[in-house]
Amino acid sequence: MRALALVCRKGGVGKSAIATNLAAALSSRDHRVMLCDLDPQAASTVGLGVDYTAASPTLDEVFQGEASLADALVVTRHGVDVAPACPGMARTENALLQEPGRERILLKALVPLVDQYDWVIIDTPPSLATFTLNALVAADFLAIPAIPEFPSVEAVAHTLETIQLVVERELNPELRTLGVIANKHDTRTKTTAEVLRRIEALGVAVFETTIRKAVAVTNAYAFGEPVLSFDPKHPVADEFRSLTEEVLSHA
Ligand SMILES: Nc1ncnc2c1ncn2[C@@H]1O[C@H](COP(=O)(O)OP(=O)(O)O)[C@@H](O)[C@H]1O
Ligand SMILES: [Mg+2]
């Protein structure tokens, strides 16, 4: 089992879109894939067609110590097993603030499943609090999505600082940052190039593959499908496939 977390303090950068499409692409390459949705907004849960109101238990019960991760998994027709999130998790995250060892809950929950999955893709909320910390502790690799807007630079910098702390405090000394994924990429704008230049100046690698802005991504989401199955011939689907190749080559 290898675990990859999509992390960025900023919302709307494509963590969930990339998590769902990467998971689907890995599955189509015959990897056994689980997606853990640690964001109470449940975007990647919904994006893979899972109705969290009908799911029980969810990761909420797993984080409360009331269910195992295996019990929470929902099999989807996209070849990805989903550990669903739900809005109630926001309350649970606050309640966990007093719990010692709260940052290792996901890591421990994954242990019984290490031989059953090749990949775990972890989607995280747009914050660097307990759930994201759990992702950083459980992951082998992480990638940071960014979009061509200037606040992305600051968000990447802040995210990198948190990752540094996780490594330095020995919460996960082996954690490897694969790099920044340039999402909603638009080669026609100067802002795109300038934002990427500033991100590279932070000393972080940037994936060679960029993901264009394409309405197909949002449409696929509305149908609870990865764009890879919703519109497999779309150029953006090709980009998600080459992103997956790049992840596999780095990992
Ligand atoms: N490459 C893309 N092209 C067009 N829309 C995108 C793309 N990536 C993400 N989106 C859309 O942008 C919004 C935010 O993306 P999302 O993956 O939910 O971000 P995050 O998880 O970082 O908050 C969603 O509506 C999503 O469908
Ligand atoms: Mg999200």
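Reader: What is the volume of the second largest pocket, and which residues are closest to its centre?
Author: This is a predicted model. The second largest pocket has a volume of about 150 Å³. Of the 13 residues in its lining, those closest to the centre are M1, A3, L107, A138 and D140.

Reader: Which elements each supply at least two residues of the lining of the second largest pocket?
Author: By class, this lining holds nine nonpolar, one polar and three charged residues. The elements that each supply at least two residues of it are β1 (2-6), α6 (105-110) and α7 (130-138).

Reader: Which element gives the most to the lining of the largest pocket?
Author: The largest pocket holds about 480 Å³ of space. It is lined by 23 residues, and G12, G14, A17, K184 and V217 are the closest to its centre. At least two lining residues come from each of α1 (15-28) and α10 (215-222). The most, four residues, come from α10.

Reader: Is α1 roughly parallel or roughly perpendicular to α12?
Author: The axes of α1 and helix α12 (residues 235-250) are 9 Å apart, and the angle of packing is about 75°. Angles of 65 to 115 degrees count as roughly perpendicular. Therefore α1 is, relative to α12, roughly perpendicular.

Reader: Which residues of α12 make the contact with α1?
Author: The residues of this contact divide into nine nonpolar, two polar and no charged. On the α1 side they are A17, I18, N21, L22, A25 and L26, and on the α12 side F240, L243, T244, V247 and L248.

Reader: Which element gives the most to the lining of the largest cavity?
Author: The count of cavities of 30 Å³ or more is two, and about 70 Å³ of space lies in the largest. Among its 13 lining residues, T20, N21, V217, Y221 and E225 are the closest to the centre. Two or more lining residues come from each of α1, α2 (43-47) and α10. With four residues, the element that gives the most is α1.

Reader: Which helix gives the most to the lining of the second largest cavity?
Author: The volume of the second largest cavity is about 50 Å³. Its lining has seven nonpolar, three polar and no charged residues, including A146, P148 and H185. The most, four residues, come from helix α9 (residues 190-200).

Conventions: Residues are numbered from 1 along each chain as its sequence is written. Chains are lettered from A and ligands numbered from 1 in the order in which they are written. This is a predicted model: local features need pLDDT of at least 70, side-chain atom pairs count only at pLDDT 80 or more; totals for chains, interfaces and linings use all residues. Side-chain values use heavy atoms; hydrogens and water are left out. On a 1 Å grid over the protein atoms alone, a cavity is a set of points where a 1.4 Å probe fits but cannot get out, and a pocket is an open set with protein on both sides within 12 Å along at least five of seven lines; lining residues have an atom within 4 Å of a point. Grid points are joined across faces, edges and corners, and a volume is the space filled by probe spheres set on the points. Ala, Val, Leu, Ile, Met, Phe, Trp, Tyr, Cys and Pro count as nonpolar, Asp, Glu, Lys and Arg as charged, and the others, Gly among them, as polar. Axes are lines fitted to C-alpha atoms, for helices over the stretch in contact, and angles run from 0 to 180 degrees between N-to-C directions. Angles under 35 degrees count as roughly parallel, over 145 as roughly antiparallel, 65 to 115 as roughly perpendicular and the rest as oblique. Contact means heavy atoms within 4.5 Å.
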